[in-house]
Amino acid sequence: MEYVAVFVACIFPGALVAFNDDVMQALPCFTALRVYCAGIWHNAVCCAVCGLALLLLPVLLFPFYIHGESPMVLGVPSTSPLSGYLSRGDVIVSVDGVPIRNAQEWMDMAAFLNELSLNDENHNMDVQSIGTVSNRKGYCVPNSMMEESKRMLVVDNQSSCPDSLTSFTTVPCAYTSISGDDRLRIIEKTYCLNAKDVVKLNKCGDGWPPTITNGSNCICSQDESCLSPIQIPGLIWVEVTYSRPYSLECLRVRRKSFADSRNSDSMESNCGGTFVFVGNVISMARSVRLTAYRPRWAFPLGTYLPNVLERILRCTFQVSLTLALLNSLPVYLLDGESILEASLLHFTLLSPRKRRKVVQVCLFGGTLISILAFLRIVLYGL
């Protein structure tokens, strides 16, 4: 070894070790190849260790964290459409009755609902001047609640609902497309109801998962009617169920619940609930930061530790893998140049002159391709 150097390329630190060429040429071919590949093997081992740590992270953190049951909210920006509904430390339990176990399922469910809405809009393209039933999600509303809504409409002398209420319309068991001639009939069958009260009722319609409605859209009793929210095309009606297990109110009520089982209603109101989101579900899903880890005990900064560890391991894995692949390329002044020369020494059929020619061609082609690939990455990144 002649010298060791440390350098900084742009913002990335690096190091190199220069060997004596006469000493390296005197070594056996396989021994010299092992020396040249030492840096690459170190990066490969680092990648393997980081990958194994990522796989075993849920097991390593099991005594302190719950993994893969329900994602926990790490942050909700003020510009998020869910601001005011969710906050840091809340746990997302389900979306439209479908249990959510991690952040990926949260995004997949949003994409599925968005695709379902697009298909529903294409199926009802003839409806333009009025809102359409949002994916045929219905609720079994008691007739008494519908009568109160009807009396309110008559007193107020209006066909649209006030801002605090939501428009619902009856949904028959056999769904039929709505034409423009039926607009007057739909207005007469419109009911203004409080969405917070409606979401607590039993569900009906074919817009829910089969596990909720048992595969039937007519599950309401005789004194109930199936009503669905009327929404503007492009907006999706989504139920999000959440819990707040780490809030002070929930912890206080949970302690009292051990002594008095009648506090279940109070515990439900303080420890979470269900809210309705109407809008773009893709922007909704992307606007919150989630983690699959939930601390078993509420302690400061405990919510961020698994996410920080995952980021460190992922970044180390990606950087090590990039360095290993980069150094193995047949490019001038990189380890790939020495590896290529040492590898060609095993081909005894090539004369020294042909060997040098092959090395020059491979190095020139590898360097040119690497430069073009790097420029393409930079240009597409801009």
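Guide: Let's start with one cysteine: Cys140 is buried, with a relative accessible area of 2%. Keep in mind that this is a predicted model.

Visitor: OK, so which residue is Cys140 joined to by a disulfide?
Guide: Its partner is Cys220, and the S to S distance is 2.0 Å. A disulfide is a covalent bond between the sulfur atoms of two cysteines.

Visitor: And where do Cys140 and Cys220 lie?
Guide: Cys140 sits in strand 7 (residues 138-142), while Cys220 belongs to the loop between helix 8 (210-213) and strand 11 (224-231), so this pair ties together parts that are 80 residues apart in sequence.

Visitor: Is Cys220 buried, exposed or partly exposed?
Guide: Cys220 is partly exposed, at a relative accessible area of 23%.

Visitor: Is the link of Cys140 and Cys220 left-handed or right-handed?
Guide: That link is left-handed, with -85 degrees about the S-S bond.

Visitor: How many disulfides does the structure hold?
Guide: There are three. Another one joins Cys204 to Cys226, with an S to S distance of 2.0 Å. That pair links distant parts of the chain, with Cys204 in strand 10 (residues 203-204) and Cys226 in strand 11, 22 residues apart.

Visitor: What is the handedness for Cys204 and Cys226?
Guide: The link of Cys204 and Cys226 is right-handed, with 100 degrees about the S-S bond. As for accessibility, Cys204 is buried at 0%, and Cys226 counts as buried at 11%.

Visitor: What about Cys250 and Cys271?
Guide: Cys250 and Cys271 form a disulfide too, with their sulfur atoms 2.1 Å apart. The angle about the S-S bond is 105 degrees, which makes the link of Cys250 and Cys271 right-handed. Cys250 lies in helix 9 (residues 248-259) and Cys271 in the loop between helix 10 (264-270) and strand 13 (272-279), so the pair ties together parts 21 residues apart in sequence. Both of these cysteines, Cys250 and Cys271, are buried.

Visitor: Is Cys315 buried, exposed or partly exposed?
Guide: Cys315 counts as partly exposed, with 46% relative accessibility.

Visitor: How many bridges join strand 7 to strand 10?
Guide: Two bridges join them, and the two strands run antiparallel. In that pairing, Tyr139 stands opposite Lys203 in strand 10.

Visitor: And how many bridges go from strand 7 to strand 11?
Guide: Four, and strand 7 and strand 11 run antiparallel. One partner to look for is Ser225 in strand 11, which is the bridge partner of Val141.

Visitor: New topic: backbone angles. What is phi of Asp96?
Guide: Phi of Asp96 is near 55 degrees, a positive value in a residue other than glycine. You can find Asp96 in the loop between strand 4 (91-95) and strand 5 (98-99). Asp96 is buried, with a relative accessible area of 2%.

Visitor: What about phi of Leu333?
Guide: Leu333 has phi near 70 degrees, again positive in a residue other than glycine. Leu333 lies in the loop between helix 12 (305-328) and helix 13 (335-344). With a relative accessible area of 80%, Leu333 is exposed.

Visitor: Can we zoom out? How many helices and strands are there?
Guide: The protein has 14 helices and 14 strands. Of its 382 residues, 34% count as buried.

Visitor: What share of the contacts joins residues at least 24 apart?
Guide: Among contacts between residues at least 6 apart in sequence, the share is 72%.

Note on methods: Residues numbered from 1 in each chain as written. Predicted model: local features only at pLDDT ≥ 70, side-chain atom pairs only at ≥ 80, totals over all residues. Heavy atoms only, no water. Disulfide = S-S within 2.5 Å. Buried < 20%, exposed > 50% of the residue type's maximum accessible area, 1.4 Å probe, protein only. Contact = heavy atoms within 4.5 Å. Pairing = 2+ DSSP bridges.
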